[in-house]
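Visitor: I have a structure to get to know and would like to ask about it piece by piece. Could you put it up?

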Amino acid sequence: MKRTIIEMLHEAAKRYGDRTYTNTKTDAGWVACSFKKTDVESDYVAAYLLNHGFKPQDTIGILSEGKSSWVTCELGLIKAKMISVPLSIKLTPEEIAYRINHREAVALAVSSNTLGNAVKALPLFDHPVMFIYLDEQDERLEKQVRDADWKQDVNYVPWETLMLDGANLLDQNPRLVKDAEESINENDTINICYTSGTTGNPKGIMLTHLNYYVNVHDAIDLFK
């Protein structure tokens, strides 16, 4: 078995099924997402990305508070053999732009709460960046779409649309994501974490599937 994050997710989905994996805080309270649902919906993310011209080793920034769609988005892009760049929500627009430009990120996943700051960074990007909206389409996104004349699937995609498109794509081609997963190697870089940059420009720390796999299993052994 390949020692990858994706294999760990599949195993967790089999073992824990409908048990809660992640939670999202809403006005109505906490909404849970199970291991099984996360595995299925991250397939939708991967299918959408694979069908919309994203390539292996492309990078996508993630700028959001903790929520289920954050985790599902990252796992989906990893299934598509891409690299995530998690960003602190405390970053300034200039700091966001530095990281996006440095990694030549092709997309930036944002939430309703972080959209405003990400839009302020947008003029500082030195290349086109698509926005993946980790929430349902709301007034904040609709205003930005109107003001900037954004086109769906070019400048942005709302979470619900991404999910529906991904599910439809897998209905048409059930092997789409599985074929991509088969090419994944445990030494592939899947995540780049930036340092704070207090003593100079931030440095990107490259982490692989195997880095995470070993850390997780060492932690399990330690807890036992």
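Visitor: Which elements each supply at least two residues of the lining of the second largest pocket?
Guide: This is a predicted model, to begin with. In it, helix α1, helix α3, strand β8 and helix α9 (209-223) each give that lining at least two residues.

Visitor: And which one has the largest share of that lining?
Guide: That is α1, with eight residues.

Visitor: Which residues are the closest to the centre of that second largest pocket?
Guide: Of the 22 lining residues, Ile 5, Met 8, Leu 9, Ala 12 and Val 216 are the closest to the centre. The space in this pocket comes to about 580 Å³.

Visitor: What is its lining like by class?
Guide: The second largest pocket is lined by 16 nonpolar residues, two polar ones and four charged ones.

Visitor: OK, now the largest pocket. What volume does it have?
Guide: The largest pocket has a volume of about 700 Å³. It is lined by 24 residues, and those closest to its centre are Thr 24, Thr 26, Lys 67, Leu 134 and Asp 135.

Visitor: Which elements give two or more residues there?
Guide: For the largest pocket they are the strands β1 (20-26) and β2 (29-34), together with α2 (35-51), α3 (68-79) and α7 (159-172).

Visitor: How many nonpolar, polar and charged residues are in that lining?
Guide: The lining of the largest pocket has six nonpolar, eight polar and 10 charged residues.

Visitor: Let's switch to charges. How many salt bridges does a search of the whole structure find?
Guide: The search finds 11. One of them joins the side chains of Glu 186 and Arg 3, with 2.6 Å from N to O.

Visitor: Where do Glu 186 and Arg 3 lie?
Guide: Glu 186 is in the loop between α8 (176-182) and β8 (189-194), while Arg 3 is in the segment before α1 (5-16), so their pairing ties together parts that are 183 residues apart in sequence.

Visitor: Is Glu 186 buried or exposed?
Guide: Glu 186 is buried, at a relative accessible area of 17%. That counts as buried because the cut-off is under 20%.

Visitor: What about Asp 149, which residue does its side chain meet in a salt bridge?
Guide: Asp 149 pairs with Lys 151, at 3.1 Å from N to O. Asp 149 counts as exposed, with 52% relative accessibility, whereas Lys 151 is partly exposed at 43%.

Visitor: And how far apart are the closest N and O atoms of Asp 179 and Arg 175?
Guide: They are 2.8 Å apart, and the two residues form a salt bridge. Asp 179 is partly exposed, with a relative accessible area of 41%, and Arg 175 is partly exposed too, at 37%.

Visitor: Which residues do salt bridges with shared partners join into one network?
Guide: Asp 39, Asp 43 and Lys 79 are joined that way.

Visitor: Back to the helices: where is His 10 found?
Guide: His 10 sits in helix α1. Leaving aside residues up to four places away in sequence, His 10 touches Asp 39, Lys 79 and Glu 181. Asp 39 and Lys 79 are also members of the salt-bridge network.

Visitor: With which side chain does the side chain of His 10 make a polar contact?
Guide: With that of Glu 181, at 2.9 Å.

Definitions and conventions
Residues numbered from 1 in each chain as written. Predicted model: local features only at pLDDT ≥ 70, side-chain atom pairs only at ≥ 80, totals over all residues. Heavy atoms only, no water. Salt bridge = Lys/Arg side-chain N within 4 Å of Asp/Glu carboxyl O. Helix = DSSP H or I, 4+ residues; strand = E, 2+ residues; numbered from the N terminus. Buried < 20%, exposed > 50% of the residue type's maximum accessible area, 1.4 Å probe, protein only. 1 Å grid on protein atoms, 1.4 Å probe; cavity = no way out; pocket = protein on both sides within 12 Å on 5 of 7 lines; lining within 4 Å. Points joined across faces, edges and corners; volume = space filled by probe spheres on them. Nonpolar A, V, L, I, M, F, W, Y, C, P; charged D, E, K, R; others polar. Polar contact = N/O pair within 3.5 Å; in protein donor to acceptor, adjacent residues only side chain to side chain. Contact = heavy atoms within 4.5 Å.
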